[in-house]
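Here is a brisk report on one structure.

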Amino acid sequence: MDRAETSARIAALIEPFNKKGIEVADATRFTDDLEFDSLTVMDFVAAIEDEFDIIISMNQQAEIENFGQLVDAVVKLKG
Amino acid sequence: MSDTTDLFSKFDPLIKMRSDLLATGVTDPFGLVMERVISPTVAMCNGRETILLGTYNYMGMTFDPDVIAAGKQALDDFGSGTTGSRVLNGTYAGHKAVEEALCDFYDMKHAMVFSTGYQANLGIISTIAGKGDYIVLDIDSHASIWDGCKMGDAEVVPFKHNDIEAMEKRLKRIPEGAGKLVVLEGVYSMLGDIAPLKEMIAVAKKYGAMVLVDEAHSMGFIGPNGRGVAEEQGCLDDVDFVIGTFSKSVGTVGGFCVSNHPKFEIMRLVCRPYVFTASLPPSVVATATTSIRKLMTAAEKRAHLWDSSRTLHKGLTDAGFQLGTTEPQSAIISVIMPDLERGAMMWEALLREGLYVNLARPPATPANMTLLRCSLCAEHSAEQVQQIIGMFTRAGQAVSII
């Protein structure tokens with residue numbers, strides 16, 4: 001699966017959590033820009049995991065701060 | 001010369017939240033001092049006799065005459081402390097005796113006692129799940145479970161509270177051959193709800209996971225023999241590790257893990273929070289042993305505590321309060337407050353009425369709720385429970401919550 005397609009699918013999954021309608025780009029940060037709290041993170045991660053049938057452990061989540069890093073991580077996890 | 005970065009600046013938001021709260025004039029809910037403790041259910045607070053409804057002293061063992069006598073005897077016979085690790089000079093006859101009492105209580109082969117319940121979770125979880133293993137745990141797990149995960153090297157995968165399907169999806173995706181540990185609690189202490197352990201453990205076993213259940217808030221009370229929610233639901237045999245504490249129903253301090261795992265004893269050499277700390281004082285293990293043995297036959301107390309839980313739950317529901325569970329599921333009745341400020345006002349109004357409960361606030365609470373957490377004691381009389389309902393009703397009206 002290529003990066004552009006993964007990026008588009010993740011962007012679609014962010015929509016319901018993007019309460020302020022922030023424009024999402026690779027540099028968009030989940031905590032600082034999208035203002036995700038821990039509960040939102042859990043629901044959002046669950047949505048990504050279900051969509052791609054992967055596990056993103058908390059250890060891996062700790063390394064992911066922005067949208068671009070998440071897309072890269074998912075691409076890598078999907079192999 | 002560069003300026004010093006104040007390492008405390010990260011606490012500024014919390015310092016502000018706290019000073020804003022205190023500026024409203026409320027008594028500091030986290031600064032209560034009990035001047036004198038009269039019984040498991042009554043203490044003097046601010047010079048006033050106060051009913052205790054937030055102590056986790058579920059079985060009221062703290063003033064049991066046999067328990068007190070055992071502690072005094074051990075102080076005389078063995079001194080005030082061991083000054084040593086369990087694996088060096090800190091194992092006395094009393095430490096072996098309390099582990100035997102736990103084996104008898106749970107009908108399990110192995111028991112290992114830690115200096116606190118916090119250390120029991122910290123030690124067992126961080127030690128048994130290592131690099132490349134996966135810990136699958138409920139998102140509402142206690143801080144000691146999270147800290148155990150953080151201290152170890154395993155991959156940590158949380159799932160939505162009590163959600164069997166969410167748990168199964170995560171177990172299914174774990175790479176083949178990886179070690180798996182599912183961590184659950186019998187009673188979740190914030191809302192006082194229980195886990196569907198029977199179903200969850202069946203799923204965990206289907207995927208070849210080992211199961212650890214923290215029964216801190218159910219020991220002594222839930223289940224025919226007080227062994228906890230897993231016993232109540234008939235699945236204790238499928239639990240690999242039960243974690244518990246002496247600081248609730250047992251009425252002192254300490255933590256433990258019981259297990260039937262054939263290699264369990266090696267934990268005593270590899271579990272750092274067990275090895276690198278001093279063992280419990282002789283008086284503490286003596287009181288714990290006596291208390292645990294008495295809890296084995298405390299069926300009448302358990303029945304009375306269930307009666308109190310049902311009465312309080314119904315009384316508060318009828319008064320118009322919103323509770324954490326629609327049915328009483330444990331000895332914890334959690335009252336949901338609209339926000340922290342009114343929660344603190346209500347907490348203070350109750351204290352003025354002569355009632356102490358726990359104020360719980362984010363981040364310790366699920367979904368950022370502010371809770372007034374009530375934990376009942378088997379020593380609360382039916383009359384005290386009625387008094388408590390009256391106090392809640394008056395306080396709730398005074399601060400316009402009901």
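## One residue and its neighbours

This is a predicted model. Start at Ile125(B). Leaving aside residues up to four places away in sequence, Ile125(B) touches Ile135(B), Ile145(B), Gly148(B), Cys149(B), Gly152(B), Val183(B) and Leu212(B). Contact here is a matter of C-beta atoms, placed from the backbone, within 7 Å.

## The nonpolar core

Ile125(B) belongs to the largest nonpolar core, a set of 126 residues. Four residues have the most contacts inside this core: Ile125(B), Ile135(B), Val136(B) and Leu350(B).

## Two domains in chain B

Chain B is divided into domain 1, made of 28–59 + 299–398, and domain 2, spanning 63–295. Their centres, taken over C-alpha atoms, are separated by 26 Å.

How many residues of each domain are in contact with the other? The count is 20 residues of domain 1 of chain B and 20 residues of domain 2 of chain B. On the domain 1 side, two elements of chain B give two or more residues: α12 (299–319) and β13 (332–337). Strand β13(B) gives the most to that side, with three residues. By residue class, the domain 1 side divides into eleven nonpolar, eight polar and one charged.

## Helix α1 of chain B

Helix α1 of chain B covers residues 12–23, twelve residues in total. From its first C-alpha to its last it reaches 16 Å, close to the 16 Å expected at 1.5 Å a residue.

Is α1(B) largely buried or in the open? The number of buried residues among its twelve is zero, so α1(B) lies largely in the open. Just after this helix, Gly25(B) takes a positive phi of about 100 degrees.

## Where chain A meets chain B

The contact between the chains takes ten residues from chain A and twelve residues from chain B. On the chain A side, α2 (38–52) and α3 (58–61) each supply at least two residues. The largest share of that side comes from α2(A), with four residues. The chain A residues that touch chain B divide into six nonpolar, two polar and two charged.

Conventions: Residues are numbered from 1 along each chain as its sequence is written. Chains are lettered from A and ligands numbered from 1 in the order in which they are written. This is a predicted model: local features need pLDDT of at least 70, side-chain atom pairs count only at pLDDT 80 or more; totals for chains, interfaces and linings use all residues. Two residues are in contact if their C-beta atoms, placed from the backbone, lie within 7 Å. Ala, Val, Leu, Ile, Met, Phe, Trp, Tyr, Cys and Pro count as nonpolar, Asp, Glu, Lys and Arg as charged, and the others, Gly among them, as polar. The expected span of a helix is 1.5 Å times one less than its number of residues. A residue is buried if 20 or more other C-beta atoms lie within 10 Å of its own, exposed if 12 or fewer, and partly exposed in between; C-beta atoms are placed from the backbone. Domain bounds come from an automatic or database domain assignment. A nonpolar core is a set of buried Ala, Val, Leu, Ile, Met, Phe, Trp, Tyr and Cys residues joined through C-beta atoms within 7 Å.
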